[in-house]
Amino acid sequence: MSRLQEPSSLKRKQPDSRSPLDSLTEHERIIYNVIRSKQDMGIWMQDMKRVAKVPDNVANKALKSLETKKLIKEVVNIQKRGKKHYVAAEFEPATEITGGAWYSNGKMDFVVINILKDQCLKWIYKQRVATLEGILDAIRKSGISNVELTTVQIEELVRALVLDNEVVEVKSNGMGEFDSIPVGKVCYKSTSKGSRGDPKIGAMSSIPCGVCPRISDCTPDGIISPKTCKYYSQWLDF
Amino acid sequence: MATPYGIKFAVHLITSHFGNLVANVCENLLRKGPLTLQQLIRFTELTPLQIKNSLLILIQHNCVQPFSSEQIGAGGNEVKVTQYLVLFDNILHRLRFPKFLEIVSEELDKNCGEILEGLLQHGRLTLEQIYERARDNAVQDAVRESFQKLLNSRFVERCPAPEPFVEPSTIKSSNKRGAKSAKLDEVSETEEQRVLAAAASLDTLRFSILTPSGTEFDEDKKDGDSSSSMGVGEKRKHGAADSDDAFGSNENEVILWRANFEEFTRYLRHKACIENVRARLDVGAATVLKAMLDATRSAEKKVKTENSVSLSMDTIFEEVMKSEAGRSLTLDRVRASLVQLGCSSSGTDDTYSIDLKQIIELAQKEEVESIVLRRYGRDAYRMFRLLSKAGLLQETDKIADMTFVEKKEAPKILGKLWKDEYLHMEVEYFNLLIKFTLSSNMAICDVVDKPRLTLSGMSDLVLMDQNKEIVNKFVVDRNTTFYLWKVNKPILWQHVLDEMYHAALNLSLRVIHELDQKKELLTIPPEKRTGPLEKEFKRLKNAKFFLESSLMKLDDALMLFRHF
């Protein structure tokens, strides 16, 4: 869970009084200034080399040296994984670079996300109706997460569950199953009759054409046609 | 109006029921809008007699409605011309005849079913012909009683006027309309409605067996006139007398009857609403809804009515008690079900009405989402639901964040949905807001007062002028370019409907193909079908059943998007 970061803020470390900046070479200084000027967005190595107009071998050496001196750090850019991206050490990389709280090392952390989503879902199904605070409290007590989760993060997870059609968002009317929840408060309910699983399969999506990726290329007498369709053949192969 | 595959499917239905000649005439009417006989001769290149006979068949089967209007003739004088309007919906209804028969057998009885069967088979019949058909099976009184039952429940109606006169000003656009001009669709829709409204008989007459003079029509006809009464096989000539400029303007007012598709559609719409509520809420809510709809069906003005007819609490409870399932419900349960159905008492008079439109829209949404889930996967499903709920443009990264999809993957999934016309896309490039529409796999768009723009790939934008010369090329830079997405419901719904027509056509064509493949197998007498032949025969039978029942199920969805 340590991989869950706090939403990034532009934390600025106080520079040391005996700053390693003093000991930089000319090229190191140029490169450092280019990287630093990009603040929390940082810069891709090749772009940096172009801007700084420093020969490749010199730049590589300088980057290594700056890293050892802890003036810059390499971060994973979620958009360009595998490409070297640098940020000045005094900045926390922006969420555009890291992906935000649910990313770790440039990848979305599905293991953590799925465990947490599942916990939220279990709680909602157990309670039938639950509020965000209730869910957060339950997850805290369960001890499943060793990192302090925020209400915002729980809300993100539950909203995704709504989009999955696993739960529905409703407003309390203070009656019946809502009697312990103030009127008008947003809460989450299990979907129809408490049964989990995929939504109803529609008439269209239960036949080959409904799920066919090539339906727009299919014509009655074309190369792709209902007569030649291999999906139909599979479907009708009893 | 009909979508491209809607037309193809309708033509397919007509071809398989009435052959190529009739289908040719029908296709021209579907693609070009109402036409005169002269125009049809020009477009179809058939002989006048062939066209006349085709039109007679289409009119007899309620697929074409003639109407007359005044046009400026060659000499500058106003002349009365007859035009033929094809009724797309009635062609599609042919697919549903088994459903209509089932409804009548369930709601009424077998005898009523037989009368309806005759009407569906022959399109239009006189009372006399109806009696004649039943002569062997039942006594006339019983037939009359069954017919009256059908009329009372409005499953049968008097045929509309054979050729109503429609004010010329209201049908201006008729001949200019082509299949391509989507903009005129709305105009033609109202035009169709106008013609139908002009042809419709008065409500009092529509479901009444009595003639305006108060006598039962068949009484007049019974004696003396029997020589002119034709056999069922010759029915066509009845509805439409063969005159030069107008079919069916028979002066001797022959009253013809036909199945009332509107009532069947309403019945199926109600059924769809009830089934949706049963699945989404519970049996109680479905029972209450059914009781309310059953009680008010005849009071509904049009099929696509948005709200059910208002009823008081007392009436609702009374209606609920009429059914077996309803008898177990208490007043409190009925009240709770009404709340579940989203209707609270309106105003001071304690009456309740249910938002049927909302139920239908939910069902439509479920159907589309189910396609997205099965065709594009769960991530796409979540993204689609987000956009469909938001109803406005959303940026790629924001969508990815809210749906827990990798930011790198999100544009690929959204792009795929866009290419298949499930999403609408706009690109914000600096301050240019660029709107994209698809045209044969190329994205074409107009930036206000700027040259035309085309998009190649998802990674760069190519700006081209009218001559397709490249003016500028932008590498898409994440800092200056934003992709925005949204679900454009009216356009998407139309697209999904077209895909459904396409799928329905494919199912029908596959049935024909399967049977065609095994032609010889079908000619082998049952006693000689043994071993592998028997197995193959069973497979064919299963395949046919599978395809046909899928078509019936798909037709439920077609109705949901087209008629409900």
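How many residues does the contact take from chain A and from chain B? The contact, meaning heavy atoms within 4.5 Å, takes 49 residues from chain A and 50 residues from chain B.

This is a predicted model, in which local features need pLDDT of at least 70, side-chain atom pairs count only at pLDDT 80 or more, and totals for chains, interfaces and linings use all residues. Residues are numbered from 1 along each chain as its sequence is written, chains are lettered from A in the order in which they are written, and side-chain values use heavy atoms, with hydrogens and water left out.

**Where the chains meet**

Here are some values for the interface of chain A and chain B.

| Item | Value |
|---|---|
| Buried area | about 4,500 Å² |
| Carbon and sulfur share of buried area | 58% |
| Salt bridges | two |

Buried area is the accessible area (1.4 Å probe) that two parts lose on being put together, summed over both. A salt bridge puts a side-chain nitrogen of Lys or Arg within 4 Å of a carboxyl oxygen of Asp or Glu. Asp164(A) forms one with Arg378(B), with their closest N and O atoms 3.2 Å apart.

**Helix H19 of chain B**

Helices here are DSSP runs (H or I, at least four residues), numbered from the N terminus. H19(B) covers residues 378-390. Its 13 residues should span 18 Å at 1.5 Å a residue, and its end C-alpha atoms are 18 Å apart, which agrees; the expected span is 1.5 Å times one less than the number of residues. Just after the helix, Gly391(B) takes a positive phi of about 75 degrees.

Key. Helices (H or I, at least four residues) and strands (E, at least two) are DSSP runs, numbered from the N terminus.
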